[in-house]
Amino acid sequence: MKKIIILIHCKDRPNIVASVTNFIAKKNGNIVYLDQHVDRQQDIFFMRIESEFLNDDFSTDIFKTCFKKELADIFEMKWRIYSSDKKPKMALFISKYDHCLYDILGRYNSGELNLQIAFIISNHIDLKPIADSFNIPFYHIPVTQDTKDNAEKKQLELLESNSIDFIVLARYMQIVSSKLIDKYPNKIINIHHSFLPAFVGAKPYHSAYERGVKIIGATSHYVTEELDAGPIIEQDVSRVTHAYTIKDLIAKGRDLEKIVLANAIKLHSERKVMVYNNKTVIFS
């Protein structure tokens, strides 16, 4: 059995759903999931479909060719077709914070994440023992003002040679340059330690404490050249009170960061995120 995922967006018009489902039926496919959304303000149609094909001679390449000719060109679709046989390859970028790293590797080791972690890159050597304990290749690439260009060149070489599909910044405390962003558009996931756009900066929990906030949050988003302004994938908040210390806020915030980042990774790797005009459509 072959299972594929189809992601589509195009200008909204009648008969799109019927045309796609009939096309799959003619190819002897069985639709096991279908969800769609219409952005009324932009007049854009979005759809995600999972289909199974039982015939042994099914070819994803032939299906793509027919889909393009018989549907995509006619409806002027932007589309992607993925085979469930191929797990996306992910690279982790880290620095010294270990809470997100432990959480991701624990979920990965238990089979919760449908992906392959190819390697870990860090600008510090501190967390190498964690990578080693999970048998994940670790590359130490220091980054300074003088070595940043060379470090990025090494990063790109590793990413390309390993055919990486997407990158996760698991509290990687460096700004990613346009070279990497252009190479991986909407494929670099970051976790921000606040509920964007409030309390941005180096010490969000201190700012939150000074303001006496009643909720704190975390935001996972795709990286763009505009800092912390990329399409948002996942967010969550937790209530706090005046009794919380800064240490309590940091601990609660780190719990949120782990959950939000893990959910964002799952959504992306399961092909449930579509980006349009710096916004996301998230399918269930």
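Modeller: A salt bridge is a side-chain nitrogen of Lys or Arg within 4 Å of a carboxyl oxygen of Asp or Glu. By that rule the whole structure holds 15 salt bridges. The model is predicted, so local features need pLDDT of at least 70 and side-chain atom pairs count only at pLDDT 80 or more, while totals for chains, interfaces and linings use all residues. Residues are numbered from 1 along each chain as its sequence is written, and side-chain values use heavy atoms, with hydrogens and water left out.

The part to examine is domain 1 (2–83), which the domain assignment (automatic or from a database) lists together with domain 2 (89–282). An unreviewed UniProt entry annotates residues 5–86 as "domain: ACT"; such annotations may be inferred rather than shown by experiment. Residues 5–86 are 33% helix and 41% strand, with the end C-alpha atoms 11 Å apart. Helices (H or I, at least four residues) and strands (E, at least two) are DSSP runs, numbered from the N terminus.

Among the salt bridges is that of Arg40 with Asp12, whose closest N and O atoms are 3.8 Å apart. Arg40 lies in the loop between E2 and E3, and Asp12, 28 residues away, in the loop between E1 and helix H1 (16–26).

Contact (heavy atoms within 4.5 Å) joins 12 residues of domain 1 to nine residues of domain 2. Between domain 1 and domain 2 there are zero salt bridges. On the side of domain 1 that touches domain 2, the elements giving two or more residues are strand E1 (2–11), strand E2 (29–39) and strand E3 (44–53).
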